[in-house]
Amino acid sequence: MSDQDPVELMLQKTGCINLHYKVQECIAETGDWRRCQDRVKEFKACMQEYVDNQSRKYANVK
């Protein structure tokens with residue numbers, strides 16, 4: 001059984017985990033997620049790209 005966080009496992013599959021860590025680090029450093037919007041937007045764009053790629057990949061699967 002894996003001790004790894006299921007959210008981290010999912011983020012590894014997306015390729016966006018390092019951006020996720022950058023958001024977490026910024027929030028830890030600043031104490032305010034609103035001051036981390038550049039990193040949040042970068043992470044969000046990465047996740048959207050993953051979702052879009054998955055949608056295209058499975059678009060023809062029935």
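A: Arg-34 is exposed, at a relative accessible area of 56%. Asp-32 is buried, at 18%. Buried means under 20% relative accessible area, exposed over 50%, and partly exposed in between, with a 1.4 Å probe and protein chains only. The side chains of these two residues, Arg-34 and Asp-32, form a salt bridge, 2.9 Å from N to O. That term stands for a side-chain nitrogen of Lys or Arg within 4 Å of a carboxyl oxygen of Asp or Glu. Side chains of opposite charge can pair when their charged atoms come close. The whole structure holds 1 salt bridge.

The model is predicted: local features need pLDDT of at least 70, side-chain atom pairs count only at pLDDT 80 or more, and totals for chains, interfaces and linings use all residues. Residues are numbered from 1 along each chain as its sequence is written, and side-chain values use heavy atoms, without hydrogens and water.

Now the surroundings. The chain has 3 helices and 0 strands, in the order α-α-α from the N terminus. Helices (H or I, at least four residues) and strands (E, at least two) are DSSP runs, numbered from the N terminus. Mean confidence is lowest in helix α1 (residues 6–14), at 94, and highest in helix α2 (residues 17–30), at 97. The chain average is a pLDDT of 92, on the predictor's confidence scale from 0 to 100 for each residue. Of the 62 residues, 21% count as buried. The C-alpha trace spans about 45 × 35 × 15 Å along its principal axes.
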